[in-house]
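Here's a quick briefing to read alongside the model. Keep the sequence and the 3D view open as you go.

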Amino acid sequence: RKEFFDKTRELKEQENTIIQEGIAKVKAEADAKKKAAEEAIKIVKEQRDKEREAIRKSEDTLLALVKNEADRRRQEVSFSYKREIEDLKQKLSEEKNLTVKAKDAIRETIKLKEQQLQVELAKLSNEQLQKDIEQRQKLIELQLASIKSGSEQEYQLKMQQLITQRDMELSNTELTEQMKLAIKAKYDKQMDDMATQRETDVLKKQQDAVKVRFETEIAQAHG
């Protein structure tokens, strides 16, 4: 009977040993798979980081080749915001210990960055527009200084001058719609008045020319 119990205990111990060895083996395999997965994730992350770094270096190289100052500034702003947004998105996808609030905060920051980018690009476009208008105004002033007073060319240039002045005022991004309408109405009236004055001047010149011709013909007839 004692031998039976001893044998039973021995078999039980062997069974426990086998079970423990099995558990240890399964755990070791799981740990190995986990480590392999972590290594794979690490390798992928390193590859992505290198790829992103290479792309950014390429962008910086191309940016240095852009001659136009306005285009270069727009690209600089775009690259800067794009990179910030990319880094935030990467943080959101790769960091596993972020709380729900932290994730929401990052998503909100991404939205704000995207909005800020559009605002900055619009601001740059407006600044470039104002520079273009200023150049047009200077050109018109130079042309006006070299043409005959009262000529058709002078009239056309003064019309263009009013249009550029109107465009400059309308380029103010802080204007309300009502203010824009008021500015347009003001310049529409000035252009209408100029057109009316031009028609009056042309008619008077025609009348004066007819009068001179008539007086000349009479003088010749009596001569």
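**Helices, a core and some salt bridges**

Let's start with a loop: Ser151 sits between helix H3 (100-144) and helix H4 (152-170). Bear in mind that this is a predicted model. From there we'll move on to one helix, the core and the charged pairs.

- Ser151 has a relative accessible area of 19%, and because the cut-off for buried is under 20%, Ser151 counts as buried.
- A polar atom of the Ser151 side chain lies 3.2 Å from the backbone nitrogen of Glu154.

**Helix H2**
- H2 takes in residues 69-94, which is 26 residues, and at 1.5 Å a residue it should span 38 Å. Its end C-alpha atoms are 37 Å apart, so the model agrees with that expectation.
- The buried residues of H2 are Val77, Phe79, Tyr81, Arg83, Ile85, Leu88 and Gln90.

**The nonpolar core**
- The largest nonpolar core has seven residues: Tyr155, Met159, Leu162, Leu175, Ile183, Tyr187 and Met191.
- H4 and helix H5 (177-222) each put at least two residues into this core.
- Tyr187, one of the core residues, is in contact with Leu162, Gln165, Arg166 and Glu169, if you set aside its neighbours within four places in sequence.

- The structure has eleven salt bridges.
- Glu84 pairs up with Lys113, and their closest N and O atoms are 2.6 Å apart. Glu84 is in helix H2 and Lys113 in helix H3, so this pair ties together parts that are 29 residues apart in sequence.
- Glu84 itself is partly exposed, at 31% relative accessibility.
- Glu169 and Lys186 also meet through their side chains, at 3.1 Å from N to O.
- Glu169 is partly exposed at 29% relative accessible area, and Lys186 is partly exposed at 35%.

- Asp193 and Lys189 form a salt bridge, with 2.9 Å between the closest N and O atoms.
- These two are four residues apart in helix H5, so about one helical turn separates Asp193 from Lys189.
- An α-helix has 3.6 residues a turn, so residues three or four places apart point the same way.
- Asp193 is partly exposed at 39%, while Lys189 is exposed at 53%.
- Arg136, Arg166 and Asp167 are joined in a salt-bridge network.

Notes. Residues are numbered from 1 along each chain as its sequence is written. This is a predicted model: local features need pLDDT of at least 70, side-chain atom pairs count only at pLDDT 80 or more; totals for chains, interfaces and linings use all residues. Side-chain values use heavy atoms; hydrogens and water are left out. Buried means under 20% relative accessible area, exposed over 50%, partly exposed in between (1.4 Å probe, protein chains only). A polar contact is a pair of N or O atoms within 3.5 Å; within protein, one must be able to donate a hydrogen and the other to accept it, and residues adjacent in sequence count only if both atoms are side-chain atoms. The expected span of a helix is 1.5 Å times one less than its number of residues. A nonpolar core is a set of buried Ala, Val, Leu, Ile, Met, Phe, Trp, Tyr and Cys residues joined through side-chain atoms within 4.5 Å. Contact means heavy atoms within 4.5 Å. A salt bridge is a side-chain nitrogen of Lys or Arg within 4 Å of a carboxyl oxygen of Asp or Glu.
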